[in-house]
Structure formats: C-alpha cells, structure tokens
Amino acid sequence: MNVPVPSASLFVIGAAYFLACAVIGVWAAKRTRTVEDFYVAGRSVGLLPFAIAAMASTLSGFAFIGGPGLVYSIGLTALFIILPAALTNTYGALVLGARMRALGERHRLVTVPDAIGLRYDSRLAQGLAAVAILVGIVGYLGTNVLALGLIVRALFGVSLPMAIWLGAAVTLAYSAGGGILAGIWVDVFQGALMAVASTMVFVFALESGNGLAAITQVIQAVDPTFLGPWGTRGAMVALSFFFVFAVGSLGQPHIAHKYYMLRDAKRLRWYPMLVTIAMLLAQLLFVGVGVAVKALVVRGEMPALGTPDEATPAFLLAYVPSAVAALVFAGVAAAIMSTVNSFLNIGAAAITHDLPKAFGRTVDAARQLTRGRGWTIVLSVAGALVAQLSGTLVAFLGIFGYGLFACTLVPALAIGLTWDGATKQGAIASISTGLVLTLGLESAAFLKFFALPTGVTVTGLTLVTTILVFIVVSALTNGERQRKV
Amino acid sequence: MFIGALGVLGAYVLTFLGGSVAAPWLLAAGATLMLTGVGLLGAGAKAPRLSAAVIIACLSTFIGFACALWLTPPTTDGPLLFGLPLATAVMLLYVGAVPLILLPIAYAWAFPREVGTE
C-alpha cells in the first residue's frame with residue numbers, strides 16, 4: 001500500500017498511543033504475580049472493561065482495513081460478515097458466558113481446553129483442542145503481525161521488516177510482562193479508541209457523499225446489486241458468510257477464554273447490551289467507508305483504487321482531518337494489537353498448561369508463570385517471522401485460523417457445554433475431523449488442487465460436517481455413557 | 001439443530017450439483033434453524049422468556065432472508081427506505097435491528113430468574 005501520509009500528526013499520535021500501551025503494560029506487569037493473574041487476570045475484571053476488551057479482541061485490523069475494502073469491492077455481500085453480531089453478541093453470553101464463568105471459578109480453570117477436558121473428562125479431548133488452538137494461532141498471528149507492521153510503517157515511516165519487529169516488540173512487551181491482565185486494560189484503552197475513531201469516520205463518510213440516500217442513488221445508477229440485499233456476489237455467498245460467522249463466532253477461543261475473567265457473574269446480565277453498543281460503534285467504519293469510497297469513485301471524485309485494502313487509508317487522507325486520520329491509524333493498530341495479545345496469551349497457555357495436562361503431567365504454578373512468559377516471547381517471534389517470510393501465504397493463514405477454531409471448537413465447546421447428550425467420543429471425533437478437514441481442504445484449495453463452486457467455502461463445509469459428526473457420534477455412543485452413569 | 005445442519009449441507013450439495021433456486025432457501029432455513037437450536041440449548045429448559053426471545057429473533061432473521069429472496073431484485077431507480085433500497089432496508093430491519101434490540105433486552109430482563117450463575 002503506497003499512500004502519502006501526514007507524517008507529523010501520525011508520528012505524534014502514533015508515538016503517544018504506543019507510549020500509553022507501554023505505561024499500562026508496566027502497571028499491569030507489577031500486578032501479575034500468579035498464573036491466574038497471567039492467564040485470567042486474577043478473575044478480577046469488572047463489567048465495563050470486560051465488555052470493551054471482548055469487543056477489542058473480537059475486532060482485528062480486518063474491521064478497519066480489509067472489511068471496508070471488501071465492501072468497496074463486493075458491496076453488501078461483505079456486510080454478512082458483521083451482520084451475525086446482531087445475534088452472536090448475546091449468544092456468547094447465553095451459550096458460553098455463565099457456564100464458563102461458573103466452571104472457571106469452581107474448578108479453577110484457566111483455558112478453553114480446560115473446559116473441554118473437564119466437560120468430557122478426557123485428556124485427549126483437551127490435548128486435541130490445545131493442538132487446534134496452537135495450529136490456528138500460527139496463522140492468525142502471522143496475518144495480524146503483518147497488518148500491524150503495515151500500520152507501524154504508515155505511522156513512523158520505517159521499512160516493513162523494521163515495522164513488523166517494532167510492532168511485535170511493543171505488543172510482546174506488555175503481553176509477556178503483564179499477561180492477559182495487561183491485555184485487558186490495554187484493550188479497554190484500545191477499544192475506546194476504536195469506537196471513537198470508527199464513529200467519527202462514519203460521520204465523515206456520510207458527509208462526503210451528502211448523506212446515505214444520495215450515496216445510494218449514485219451507486220444504484222451504475223450497479224443496482226451493490227447495495228441490494230445480497231450485494232454483488234449473490235445470496236449463496238452472503239448466506240454462507242452469515243452461517244460461518246454466526247455459528248463460527250461461538251468457537252473463537254480468545255473470546256470464550258475471557259468469560260473466566262469476569263469478577264462478578266451477576267454482572268453478566270448487562271454484558272450483551274454493552275458489547276452490542278460497543279460493537280455497533282466500532283463497526284460503523286466497516287460499512288461507511290466502503291460504501292462512501294464506492295460512491296466517490298463512481299462520481300469521479302476519487303480515482304479507482306489499486307487494491308481494495310486502500311479504501312480506508314485513501315479516504316482518511318483525502319476526506320478526514322489529519323488528526324482524526326492519525327487517531328484512526330492508532331485505532332487500527334489498537335484493533336490488531338488487542339487480538340495479537342489475546343492469541344499470544346492463549347497460545348502460551350496451550351503450551352504450558354493444556355499440553356502437559358493432556359500428557360498427564362502437572363507443572364507447578366510458579367514454573368507455569370515463568371514458562372508462560374517465555375512462550376509468549378517465542379510465539380511473538382514466530383509470528384513476526386511468519387509475517388516476514390510467508391509472502392502470499394499470510395492471507396491464507398488468517399482465513400485458515402478462523403476456520404480451524406470454528407470447526408474444531410464450536411461442536412465440543414459451544415454445543416457440548418449445553419447439550420446433555422454430548423459424549424467424549426463425539427468431542428474427540430469432531431475436533432479430529434475439524435483438524436484434518438480444515439488442514440487438508442484449505443491447503444488443497446490454496447494449492448489449487450480443486451475449486452469450490454461460488455457460495456461454498458471450506459470453512460462452511462467443514463463446520464457443518466464437524467457439527468453433524470459431533471451429533472451423530474454422540475448419539476451413537478450416548479447409550480454406553482448412560483449405562484456407565 | 002440436526003435438521004438445520006442437514007439443511008445447510010443440502011444447500012452446499014445442491015450448489016455442487018450446479019446450483020438451484022432452492023439452495024439459498026435451504027441455506028437460509030438451515031442456518032437459522034441451527035442458530036435456533038444452539039440458542040435454545042444455551043437458554044436451557046427452564047428459561048421460557050429467553051427461549052421465546054431466541055425463537056422470535058431467529059424467526060425474524062429467517063423472515064428477513066425470505067423477504068430479500070422474495071422481493072424484486074434492486075433496479076437502477078427502485079424505491080428507497082431509510083436511504084437504502086427497499087429490499088435491503090427490509091432485510092436489515094429483520095436480520096439486524098430486531099435481534100440486535102430484542103436479545104440483549106430479553107437477556108437482561110430474564111437474567112435473575114433464568115440464567116444460572118453458580
């Protein structure tokens with residue numbers, strides 16, 4: 001992305017933003033003394049920081065860069081990626097929230113695979129879930145660290161390799177020192193920044209096109225499908241997005257893991273309302289910029305974009321005051337860093353806590369904390385290396401990560417925690433099926449061994465298959481479980 | 001939920017076989033049926049208010065999809081509602097606005113009696 005930048009504003013606000021993250025990191029590091037502090041923030045997080053942190057971790061850089069670009073190129077088809085949030089903001093609390101919170105407190109659980117291991121009384125199920133999380137994290141980290149590098153480059157004008165390592169180093173500093181406790185409080189700062197930046201840009205986007213009705217009329221005149229209910233790609237693609245992002249959101253471990261951290265379970269009552277408001281504000285930019293840029297290009301007031309990802313930077317630099325543009329760039333960095341921090345934390349937990357448990361080994365708490373910090377550093381370096389060396393593979397890894405989490409964890413976690421008929425065999429079969437199918441089919445599709453018809457995605461196909469496997473295997477083995485009981 | 005999953009799989013199979021007008025209907029019905037099942041399991045057996053909210057929200061989602069599939073495709077000079085093409089505005093109202101407002105309010109309302117926190 002080669003765009004001119006207002007360097008003075010960007011540099012000052014960017015430097016202030018990174019400094020604020022560092023200060024919060026130092027504060028949190030001093031308060032991180034136990035494994036529970038490091039992995040579940042000492043189960044001490046209040047409702048408001050909890051809701052804002054959940055929003056910040058859910059949204060990655062995609063909400064600010066890739067998403068608006070996708071709206072610009074395929075119209076409202078892209079809306080079906082965020083539309084499921086109308087349901088899933090509450091579904092998270094309904095399906096996972098109270099259960100994870102209660103299990104975590106009663107059994108001192110600190111990870112998502114812990115919950116799976118306890119639910120099915122199976123070390124194998126816990127180990128497989130940890131492996132799925134680790135494999136998925138590699139992809140997610142690579143994609144997000146590269147995106148962070150691009151933003152750091154825009155903020156400070158350094159080379160991309162230098163920017164990747166600089167971004168990774170700042171995130172690592174607070175993640176390794178203060179663990180998830182630092183992550184939560186940095187998330188609160190970052191989430192507030194994202195919501196403010198997104199709302200301001202949405203207003204500028206509507207103003208640039210003289211209001212929504214005028215924008216619609218301009219676009220409708222040249223492409224009626226763009227703002228049609230299914231966008232330019234049609235109903236099957238849009239509905240497939242809806243299915244994958246509605247059901248798949250219940251299997252994202254970095255979100256589910258946060259339920260352990262809430263101080264008072266009774267405060268969960270207001271969580272869906274707060275997180276809904278926060279998500280609504282933070283996602284205004286996603287649609288607003290994509291649609292406004294399309295109208296500006298149609299009217300000839302903006303040149304056609306070289307790549308869709310240029311939609312947000314190009315709009316910010318041409319139609320938004322430079323101080324606000326700088327705030328949004330900091331907001332994008334915030335979105336990425338909050339996601340990276342969450343992944344570093346659950347990745348370190350999978351290695352130091354879940355895998356040893358799966359092999360029947362116990363690690364004492366003090367060593368777990370030291371090892372957790374060590375593995376956070378290793379994962380961060382691995383993410384930076386993947387970002388630097390993987391080339392075109394990096395985009396594939398990001399898609400792969402979301403799909404793998406959805407396909408392996410939705411059945412065993414989201415359905416399994418609520419369905420009495422779920423069995424250990426069903427969980428093991430569905431997680432294994434998710435791992436094998438996602439790895440095999442995504443790799444084969446990436447290498448162009450086959451092409452799926454429009455409207456069918458590997459994640460959608462694998463997700464529905466693993467759910468069916470989970471239900472069928474559980475039903476077939478349920479009799480044996482009942483007899484044992 | 002099982003029937004919903006079969007519906008989604010059926011939609012994908014129809015698409016593999018060259019596509020059919022039934023495929024998006026099957027996917028819309030299957031996905032919302034699955035979400036209804038997941039939501040009802042999440043609410044639990046002793047949660048009539050939450051269960052009712054889940055059913056209404058999912059029904060509204062399906063109605064939104066059905067309207068979008070039924071209504072005339074947008075044209076260059078079609079009518080606007082809230083600044084958007086009519087079919088889009090109707091779809092967003094049912095799929096977006098109704099669940100977005102209903103579910104958090106229903107959850108907060110039913111919480112003390114219907115959500116176990118211990």
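In these legends, Ala, Val, Leu, Ile, Met, Phe, Trp, Tyr, Cys and Pro count as nonpolar, Asp, Glu, Lys and Arg as charged, and the others, Gly among them, as polar. The model is predicted, so local features need pLDDT of at least 70 and side-chain atom pairs count only at pLDDT 80 or more, while totals for chains, interfaces and linings use all residues. Residues are numbered from 1 along each chain as its sequence is written, chains are lettered from A and ligands numbered from 1 in the order in which they are written, and side-chain values use heavy atoms, with hydrogens and water left out.

View 1. A pocket is an open set of points on a 1 Å grid over the protein atoms alone, with protein on both sides within 12 Å along at least five of seven lines, and lining residues have an atom within 4 Å of a point. Points are joined across faces, edges and corners, and a volume is the space filled by probe spheres set on the points. The lining has 28 residues, with A:L79, A:L280, A:L284, A:V287 and B:L92 nearest the centre of the pocket. By type they are 23 nonpolar, five polar and no charged. α4(B) supplies the largest share, six residues. Elements are DSSP runs numbered from the N terminus: helices (H or I, at least four residues) and strands (E, at least two).

**View 2. The interface of chain B and chain A.** Here 60 residues of chain B are in contact (heavy atoms within 4.5 Å) with 60 residues of chain A. The area buried between the two chains is about 5100 Å², of which carbon and sulfur atoms give 80%; buried area is the accessible area (1.4 Å probe) that two parts lose on being put together, summed over both. In chain B, the residues that lose the most area to chain A are B:Y12, B:L35 and B:Y107, together 13% of what that side buries. Six residue pairs across the interface are in polar contact, both residues being at pLDDT 80 or more. A polar contact is a pair of N or O atoms within 3.5 Å; within protein, one must be able to donate a hydrogen and the other to accept it, and residues adjacent in sequence count only if both atoms are side-chain atoms. On the side of chain B that touches chain A, α4(B) gives the largest share, 16 residues. That side divides into 46 nonpolar, 13 polar and one charged.

**View 3. The largest cavity.** A cavity is a set of grid points where a 1.4 Å probe fits but cannot get out. The structure holds one cavity of 30 Å³ or more, and about 40 Å³ of space lies in the largest cavity. Among its lining residues are A:V110, A:H257 and A:D354. α16(A) gives the most to this lining, three residues.

**View 4. A salt bridge in chain A.** The side chains of A:E105 and A:R101 form a salt bridge (3.4 Å, N to O). The rule asks for a side-chain nitrogen of Lys or Arg within 4 Å of a carboxyl oxygen of Asp or Glu. Because A:E105 and A:R101 are four residues apart in helix α6 of chain A, about one helical turn separates them.
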